[in-house]
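The sequence and the structure are shown first, and the discussion follows.

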Amino acid sequence: MVRVDDGREGSRGAGGDPVGEPAAGEAGVLLDRQSTRGRLALAGVTLGTGVAILDGTVVNVALRTIGRDLGASLAQLQWVVNGYLLALASLVLVAGSLGDRFGRRRTYVVGVVWFAAASALCALAQTPTQLVALRVLQGVGAALLTPGALAIIQSSFRPADRAAAIGTWAGLSGVAAALGPLVGGWIVDTTTWRWVFGINVPLCAVVVALTLHAAPESLDPEERSQPFDLTGAVLAVLALGTLTYALTASRTAPLWLVVGLVGVALACVVAFVVVERRARPALVPMSLFASRVFSAANGMTLLVYGALGAVTLFVVLQLQAAGWTALAAGLSSVPITVALMLLSSRAAAFADRVGPRLPMTVGPLVCAAGALLLLRVGEEATWWDVLPGMVVFSLGLATLVSPLTAAVLAAAPDRYAGVASGVNNAVARGGSLLAVAVLPPLVGLTGADYLDPVLMTRGYRAALLWCAGLLVAGALVSWLGVGREGSPRGSGPPSRATLEHVAASRATRPLPGCDAPRHPPRRTSGRSPGCGAGP
C-alpha cells in the first residue's frame with residue numbers, strides 16, 4: 001500500500017508501482033497538473049531542484065574571486081566544488097530511501113531548509129576551510145531534496161499528468177544547470193561572491209511555502225517496515241569520499257598516503273558489491289547491472305558527465321585568466337541553455353523513433369568536436385574563439401541528455417524505476433566530482449596556477465584534450481553497449497520528450513506473465529488489476 005495526502009491509502013500494482021487511478025472515495029487526492037494546486041506543487045518541486053542544481057554550477061564562475069578574497073589555493077578551490085558534489089553524490093540514494101520511509105514531502109522540505117541554512121553560512125565563511133566544510137553541509141541538504149522532487153511528482157499527480165509534469169521538471173532542471181555560470185557571473189560582477197550563496201535563502205523560502213501549501217504527503221509503509229541498508233550506505237560514502245580525497249591531494253600528499261587511500265576506496269567498492277548482493281533490501285540492487293543497456297548507459301554517464309563538469313570549470317577559469325569579467329565568462333554558457341531549451345524535445349522525439357543508441361553515440365562525438373574547437377581559447381581569447389566550440393558542444397549535449405535518461409529508466413524493471421534514476425543521478429554527480437578532482441593535477445595545475453594566464457592556458461588545453469577523449473570513450477561505450485533493446489518500451493502515441501514517454505509507459509505495461517495488450521490498468525473496487533485489464 002502507498003499512503004497519500006491525508007492518510008488515505010491507494011493500492012499498488014505489480015512491482016510496487018502505484019495503480020493508475022485513485023480508489024473510490026479518493027477523488028481529489030491526486031493532483032491535476034492544470035489545477036491551481038497542481039501548478040503550485042510543480043512550481044515548488046521544480047524551483048527547489050533548480051536551486052540545488054544551479055548552485056552546483058553557479059559557484060564555478062565565482063571561484064577565481066573567492067580564491068583571491070579568501071587566499072585559497074587551487075586544491076582548496078577544488079574542494080569548494082568537490083565538497084558539495086561529494087555529499088550530493090554519496091547521499092542521494094540514501095535520501096531517496098528516507099523519503100519512502102518517513103514521507104517524501106517531509107524529507108524534501110527538510111532538505112530545502114537544510115540547504116538554505118547551509119547557504120547562509122557559506123555566505124558568511126571567512127576562510128577556505130570554513131567554506132569547504134559548509135559546502136559539504138550544503139551538499140547534504142541538496143541530496144535530501146533532489147530525489148524528493150521527482151518522488152513527489154510521481155506520487156502526487158494523476159497518472160495522465162505525470163509524464164508532462166516530469167518533462168517540465170527535467171527540462172527546467174537542465175536549463176538551471178546551464179544558467180549557473182551566467183547567474184554567477186552577474187552576481188560576482190555587480191555585488192559580491194557571497195550573494196552566490198545568499199540568494200538561495202529567499203528562493204528556498206518560496207519553495208517551502210509552495211510545497212507545504214500545495215504538495216500532498218506520501219510514503220510507503222512497506223518500505224518503512226524493512227530494515228535500512230546502513231552498511232551499504234556507509235560503504236558507498238567511504239568509497240567515493242576516500243577516492244576523491246586521494247585524487248585531490250595526490251600532488252601534495254605523501255605517496256604512501258595516496259596509495260593507501262586508493263586501496264581503501266577500492267576495498268570499499270568490493271565490499272559494497274558483496275554487501276549489496278546479499279542485502280535484503282539492498283540500497284542498490286545488483287540485479288540492475290545484469291542489464292547490458294543499464295550498465296552501458298551508466299558507464300557512458302560517468303564518462304560524459306565527467307567531461308561536462310571539467311569543460312564547464314576549465315572554460316570559465318581560462319576565460320577569467322584571459323582577462324574576461326566573471327559575467328562575460330558566464331555568458332559563454334548561454335549556447336548550452338538555448339540548445340537544451342530548443343532541441344531537447346526534438347532529440348527525444350528522434351530517439352523515440354530510432355532508439356537511444358544513435359543519439360547517445362553521435363551526441364558525445366559532437367561534444368568532443370566542440371571540446372577540440374575550444375582549444376582555440378588562449379591568453380587573448382575573443383568571442384569568436386569561444387562561440388564556435390560552445391555552440392557545437394551544446395548541440396551534442398542537447399542530442400544525448402534525454403535519450404540517455406530514457407535508456408536508463410527503460411532498462412530497469414518497473415519496481416526499480418526510482419532506484420535506477422537515483423543510481424544514474426549519483427553516477428553523473430560522481431563523474432563530475434572525479435573529473436574536477438583528477439584533471440587539475442593531471443595537467444599540472446596546482447596552487448595559484450589558475451591566476452597565471454600562461455600556466456592556466458597550458459593546463460586548460462591539456463584538460464580539454466582529456467575531455468575530448470572521455471567523450472569519444474562515452475560514444476564507444478554507447479555504440480557497443482546500447483543495442484536495439486535499449487529502445488524505450490511501451491506503446492501509444494509518441495511523446496514530446498523521451499522522459500515523458502518512459503513515465504507514461506510505466507502505467508501501460510502488462511503484468512508479468514500476461515499476454516494482454518498494453519492498456520492502462522482498470523481499478524475495480526480497490527483491487528489491483530488482473531491480466532488483460534482493459535481501458
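**Charge pairing, surface and interior**

Across the whole structure, a search finds 1 salt bridge. The model is a predicted one, and the description below should be read accordingly. The pair in question consists of R376 and D385, whose side chains meet at 3.6 Å, taken from N to O. Side chains of opposite charge can pair when their charged atoms come close. The surroundings of the two partners may be considered in turn. R376 has a relative accessibility of 45% and therefore counts as partly exposed. D385, at 15% relative accessibility, counts as buried because the value lies under the 20% cut-off.

The surface also carries a nonpolar patch, formed by L331, V334, V338, M341, L342, L343, W383, L387, V391 and L395. Together these residues have about 770 Å² of accessible area. Which helices each supply at least two residues of the nonpolar patch? They are helix 14, residues 334-354, and helix 16, residues 383-411. Helix 14 provides the largest share, with 5 residues. An α-helix has 3.6 residues a turn, so residues three or four places apart point the same way. One of the patch members, V391, is placed in helix 16. V391 counts as partly exposed because its relative accessibility is 37%.

Rolling a probe the size of a water molecule over the atoms shows where empty space is left. The second largest pocket is lined by 26 residues, and those nearest its centre are A236, L240, V269, F272 and V427. Two or more lining residues are given by each of helix 3 (74-102), helix 10 (230-248), helix 11 (255-278), helix 12 (292-321) and helix 17 (417-442). Of the elements that contribute, helix 17 gives the most, with 6 residues. What classes of residue make up this lining? It has 20 nonpolar and 6 polar residues, and no charged residues.

Two of the helices that line the pocket, helix 10 and helix 17, also hold residues for which spatial separations can be given. V438 is placed in helix 17, and its relative accessible area of 29% is why V438 is described as partly exposed. The C-alpha atoms of V438 and T244 lie 8.2 Å apart in space, although the two residues are 194 positions apart in sequence. T231 is found in helix 10. With a relative accessible area of 46%, T231 is likewise partly exposed. Between the C-alpha atoms of T231 and A271 the separation is 9.6 Å, and these residues are 40 apart along the chain.

G48 has its place in helix 1, which spans residues 36-58. Is G48 buried or exposed? At 5% relative accessibility, G48 counts as buried. From G48 to G111 the C-alpha distance is 9.5 Å, while 63 residues separate the two in sequence. Helix 2, which covers residues 63-70, is mostly covered, since 6 of its 8 residues are buried. The buried residues of helix 2 are L63, R64, T65, I66, G67 and L70. Just after helix 2 comes G71, which takes a positive phi of about 70 degrees.

Technical notes. Residues are numbered from 1 along each chain as its sequence is written. This is a predicted model: local features need pLDDT of at least 70, side-chain atom pairs count only at pLDDT 80 or more; totals for chains, interfaces and linings use all residues. Side-chain values use heavy atoms; hydrogens and water are left out. On a 1 Å grid over the protein atoms alone, a cavity is a set of points where a 1.4 Å probe fits but cannot get out, and a pocket is an open set with protein on both sides within 12 Å along at least five of seven lines; lining residues have an atom within 4 Å of a point. Helices (H or I, at least four residues) and strands (E, at least two) are DSSP runs, numbered from the N terminus. Ala, Val, Leu, Ile, Met, Phe, Trp, Tyr, Cys and Pro count as nonpolar, Asp, Glu, Lys and Arg as charged, and the others, Gly among them, as polar. Patches are made of residues with over 30% relative accessible area and no salt bridge: like charges are joined within 9 Å, nonpolar side chains (Val, Leu, Ile, Met, Phe, Trp, Tyr) within 5 Å. Accessible areas come from the Shrake-Rupley method with a 1.4 Å probe; for residues, only the protein chains shown count as cover. A salt bridge is a side-chain nitrogen of Lys or Arg within 4 Å of a carboxyl oxygen of Asp or Glu. Buried means under 20% relative accessible area, exposed over 50%, partly exposed in between (1.4 Å probe, protein chains only).
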